[in-house]
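Hi,

Here is the structure we talked about. Please open it first, then read my notes below with the model on your screen.

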Amino acid sequence: MRTKKQIPAADELATLAAQSKTEGAKPSQVLRSCRLQFQNPATFEVTSVYLTRTDARRYRVKIFKGGKCQMAQYVEGDDFLEVLQKVNDYIN
C-alpha cells in the first residue's frame, strides 16, 4: 500500500535550507527554465517572458507581446534575476 509523501512544514524547510548552506551541500535540483506572464491592466495586453538556461552564464530569452515575438536572443548573467533586470526594457 502506498502512502502519500508528506510535505515538510515551512519551519522545517528553513531548517533544511540552513543546514545545506552550512554543510556546503549542493542542491539536487537547479532551475532550468521559467515562464512569466504580465498583463497590462489598462489595455489587457499580455506579455510572456520565457527564460531558459543553456550554459553556466548564458540564457535564452524570448519575449512575446500580443502573440508577436518582440525579442529572441541569448543574454549573459549569473542568475535569472540578473537576466530579467537586463531585459526589463523589453518587458515594459
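**What I found**

Serine 48 is found in strand S2. Strands (E, at least two residues) and helices (H or I, at least four) are DSSP runs, numbered from the N terminus.

Before we go on, some ground rules. This is a predicted model, so local features need pLDDT of at least 70 and side-chain atom pairs count only at pLDDT 80 or more, while totals for chains, interfaces and linings use all residues. Residues are numbered from 1 along each chain as its sequence is written, and side-chain values use heavy atoms, with hydrogens and water left out.

Is serine 48 buried or exposed? Serine 48 is buried, because its relative accessible area is 9%. Buried means under 20% relative accessible area, exposed means over 50%, and partly exposed is in between (1.4 Å probe, protein chains only).

The side chain of serine 48 also makes a polar contact with the side chain of glutamine 37, at 3.3 Å. A polar contact is a pair of N or O atoms within 3.5 Å; within protein, one must be able to donate a hydrogen and the other to accept it, and residues adjacent in sequence count only if both atoms are side-chain atoms.

Leaving out residues up to four places away in sequence, serine 48 touches Leu36, Gln37, Lys62, Ile63 and Phe64. Contact means heavy atoms within 4.5 Å.

Threonine 47 is in strand S2 too. Threonine 47 counts as buried, at 6% relative accessibility. With residues up to four places away in sequence not counted, its contacts include Phe38, Lys65 and Ile91.

**The overall layout**

The protein has three helices and four strands. Along the sequence, the pattern reads α-β-β-β-β-α-α. The protein has 92 residues, and 17% of them count as buried. Take the contacts between residues at least 6 apart in sequence: 20% of these join residues at least 24 apart.

**The nonpolar core**

In soluble globular proteins, nonpolar side chains tend to be buried together. A nonpolar core is a set of buried Ala, Val, Leu, Ile, Met, Phe, Trp, Tyr and Cys residues joined through side-chain atoms within 4.5 Å.

Which residues make up the largest nonpolar core? There are 11: Val49, Leu51, Tyr59, Val61, Ile63, Met71, Val75, Phe80, Val83, Val87 and Ile91. At least two core residues come from each of strand S2 (46-53), strand S3 (58-65), strand S4 (68-76) and helix H2 (80-86). S3 gives the largest share, three residues.

Not counting residues up to four places away in sequence, isoleucine 91 touches Phe38, Thr47, Val49, Ile63, Lys65 and Leu84.

**The aromatic pairs**

How many aromatic pairs does the structure hold? The structure holds two. Rings of Phe, Tyr and Trp (its six-membered ring) pair if their centres lie within 6.5 Å; planes under 30 degrees apart count as stacked, over 60 as edge-to-face and the rest as tilted.

Tyrosine 50 and phenylalanine 64 have ring centres 5.8 Å apart and planes at 85°, so this pair is edge-to-face. Tyrosine 50 lies in strand S2 and phenylalanine 64 in strand S3, so the pair ties together parts that are 14 residues apart in sequence. Tyrosine 50 is partly exposed, at 31% relative accessible area. Phenylalanine 64 is partly exposed, at 25%.

Tyrosine 59 and phenylalanine 80 form an edge-to-face pair, with 5.1 Å centre to centre and 70° between the planes. Tyrosine 59 lies in strand S3 and phenylalanine 80 in helix H2, so this pair ties together parts that are 21 residues apart in sequence. Tyrosine 59 is buried, at 0% relative accessibility. Phenylalanine 80 is buried, at 12%.

**More on tyrosine 59**

The side chain of tyrosine 59 makes a polar contact with the side chain of arginine 53, at 3.4 Å. Tyrosine 59 and valine 75 are 16 residues apart in sequence, yet 5.3 Å apart in space, C-alpha to C-alpha.

**Cysteines**

A search of the whole structure finds zero disulfides (a disulfide is a pair of cysteine sulfur atoms within 2.5 Å). Cysteine 34 is partly exposed, at 22% relative accessible area. Cysteine 69 is partly exposed, at 43%.

Best wishes
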